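Trainee: I would like to learn how to read sheets and helix packing in a model. Can we work through one together?
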Amino acid sequence: MYCKTLFQTICRQTHRLYHRSVAYNANTQAATKAKIPDRFVQAVIDIVGNENVSTTDAVREQHGHDESYHVTSPPDIVAFAENTDHVSQVARLCNNHEVPLIPFGSGTGLEGGINALKGGLCLDLSKMKKIVSVNAEDFDCTVEAGVTRVTLNNYLRDTGLTFPIDPGADASLCGMCATSASGTNAVRYGTMRENVLNMEVVLPDGRVIHTAGKGRRTKKTSAGYNLTNMFVGSEGTLGIITQATLRLHGIPEATISAVCSFNSVQEAVDSTVQILQMGISIARIEFLDEVSVDACNRYSKLDMKVAPSLFFEFTGSSDTLDKQAEVVKDIASMNGGSEFKWASDPEERNHLWKARHDILYACMALRPGSKPYSTDVCVPISNLPEVIVRSKEAIQKAGVIGPIVGHVGDGNFHVFFPTDRSNPEEVKKISDVSVYMAEIAMELDGTCTGEHGIGMGKRGLLQREIGDTGMEVMRQLKKTFDPKGIMNPGKVFFE
């Protein structure tokens, strides 16, 4: 009865937030129709060059949305920066004219973080593609804003090093800093927050700072405030990240992968906790519910048992890897695990993990023509079974398709809803379930988002998670860095 009452209460709250958001979007989209003066456009051209400015509908539309369910909100003008000086001058120009400024990396976000809710200028950083330095002996590198994860790892291929943070998409690394991204390797290597040493940031007034001091790349520091982690996860609301100095890691000597199915979520999580307690060198532990497994089988031509399953990846020396894998197999078997399948051949392993990374497309293929409505939450690992079970109950009650995929090693999981965006009733049902999941997570000492960020989709949930005083402090920080409110307006906070 309590769960039913809570669910109904959350649905009513979500309904109000949803309509508030719809009204907000309608008003702000109407504002984008106000054209930016020609003299402003010319001033942008004078800074970045005529070839780096566009006001065409196609380019504006492309830069008005990410991969989320949110309706496109195009900017009035798109500019392409080729260096930090371009970014600085454009920021100063926008600040002087109080024109909204939205940074754009690769457009792979999932919470509407690049939608131009108040029009303005979208500054595309994809042409800033220099890998500034690689210090192999120190296990670090510095990259410009347009360098993507795959590009960096291809460049590092002959060094024996890798940058392991893998959100799935080939996202820009500075964009990953801005959203505090992580992914399947977080259980071993942490998130972006633990792997960023320094950043070059352009402030809204055009000033350029280095968050740890220019050229600094030490593994630790206790000098002053931690400005680096203030900008990691700031979602383009405090400044524009133009360079990032990142930790690199050695490529393991040997790697093997495995898949194991279970009868329940509880069995899978129990296995995960016991494996982590053993101190086994495991790089990835991914959970897929039976709906996700079925989607993977169909889309990626696999033959896994349609049941709650774990994907494992073990790394280490060849001498110890087989022994560790056997220990994991024994633990899984004691918890009801079955059909343990190994993949040691690189091609076989890559196929397995490509299937995992393609899960979004696999879920959309369950309902051809649908668009993704994706959400994520994170809880302490011990609370993961409860939040997943209650979430599945809510999904089933709503009568929608909601495959669940989790980075079970750190308590984070996602739901990918194949959605008909033209059906408001269906969108509302899914929105209600999404908010209910976040409420369960917060009730169980968790967060409304472990990876996706707040963007425009979870602003109301952030208020409930952080509380009034915490939100007031965040607003004060925003006001300090961006007194005119030009940076990515309408994200993180309702305005």
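Trainee: Which residue in β18 is the bridge partner of Val 405?
Mentor: His 414. Keep in mind that this is a predicted model. Strands of a sheet pair through backbone hydrogen bonds, either parallel or antiparallel. Here β17 (residues 404-407) and β18 (residues 412-419) pair in the antiparallel sense, over four bridges.

Trainee: In what order do the strands of that open sheet run, and how are they paired?
Mentor: Seven strands form the open sheet, in the order β15-β12-β14-β13-β17-β18-β16. The pairing is antiparallel. At the edges you find β15 (338-343) and β16 (371-378), each pairing on one side only. From one strand to the next, the twist averages 20 degrees.

Trainee: Which strands does helix α11 touch?
Mentor: Helix α11 (residues 290-300) packs on the sheet and touches β13 (282-288), β14 (309-316) and β17. Its direction makes about 100 degrees with that of β13. Now take helix α13 (residues 346-357). It lies across β12 (254-261), β13, β14, β15 and β17. It runs at about 55 degrees to β12.

Trainee: What is the strand order in the open sheet of five strands?
Mentor: The order is β5-β6-β10-β8-β9, with antiparallel pairing. Look at the edges next. β5 (131-135) and β9 (208-210) each have a single partner strand, so one side of each is left without a neighbour in the sheet. Neighbouring strands here are turned by 10 degrees against each other on average, direction ignored.

Trainee: How many bridges join β5 and β6?
Mentor: Four, and the pairing of β5 with β6 (residues 140-144) is antiparallel. Ser 133 stands opposite Thr 142 in β6. The hairpin of these strands has four residues between them.

Trainee: Let us turn to helices. At what angle do α15 and α16 pack?
Mentor: Two packed helices are described by the angle between their axes and the distance between the axes. For α15 (residues 384-398) and α16 (residues 424-443), the angle is about 160 degrees and the axes are 10 Å apart. That angle makes α15 roughly antiparallel to α16. Their crossing is right-handed.

Trainee: Which residues of α15 and α16 make the contact?
Mentor: From α15 come Val 387, Arg 390, Ser 391, Ala 394, Ile 395 and Ala 398. From α16, they include Val 433, Tyr 436, Met 437 and Ile 440. By class, the contact has nine nonpolar, one polar and three charged residues.

Trainee: How does α10 cross α15?
Mentor: The axes of α10 (residues 265-277) and α15 come within 9 Å and cross at roughly 155 degrees. So α10 is roughly antiparallel to α15. α10 passes α15 in a right-handed crossing. Val 265, Gln 266 and Val 269 in α10 meet Leu 384, Pro 385 and Ile 388 in α15. This contact has five nonpolar, one polar and no charged residues.

Trainee: Is α16 roughly parallel or antiparallel to α17?
Mentor: Start from the angle: α16 and α17 (residues 459-466) pack at about 15 degrees, with their axes 11 Å apart. That makes α16 roughly parallel to α17. The crossing is right-handed. Val 435, Ala 438, Glu 439 and Met 442 in α16 meet Leu 461, Arg 464 and Glu 465 in α17. Their classes are four nonpolar, no polar and three charged.

Trainee: One last feature. How many aromatic pairs does the structure hold?
Mentor: Eight. Among them is the pair of Phe 231 and Phe 481, which is edge-to-face. Their centres are 5.3 Å apart, with 75 degrees between the planes. This pair links distant parts of the chain, 250 residues apart. Phe 231 is in helix α9 (residues 227-231), and Phe 481 is in helix α18 (residues 468-481).

Note on methods
Residues numbered from 1 in each chain as written. Predicted model: local features only at pLDDT ≥ 70, side-chain atom pairs only at ≥ 80, totals over all residues. Heavy atoms only, no water. Axes fitted to C-alpha atoms, helices over the stretch in contact; angles between N-to-C directions. Helix = DSSP H or I, 4+ residues; strand = E, 2+ residues; numbered from the N terminus. Parallel < 35°, antiparallel > 145°, perpendicular 65-115°, else oblique. Left-handed = near helix turned anticlockwise from the far one by under 90°. Contact = heavy atoms within 4.5 Å. Nonpolar A, V, L, I, M, F, W, Y, C, P; charged D, E, K, R; others polar. Pairing = 2+ DSSP bridges. Phe/Tyr/Trp six-rings, centres within 6.5 Å; stacked < 30°, edge-to-face > 60°.
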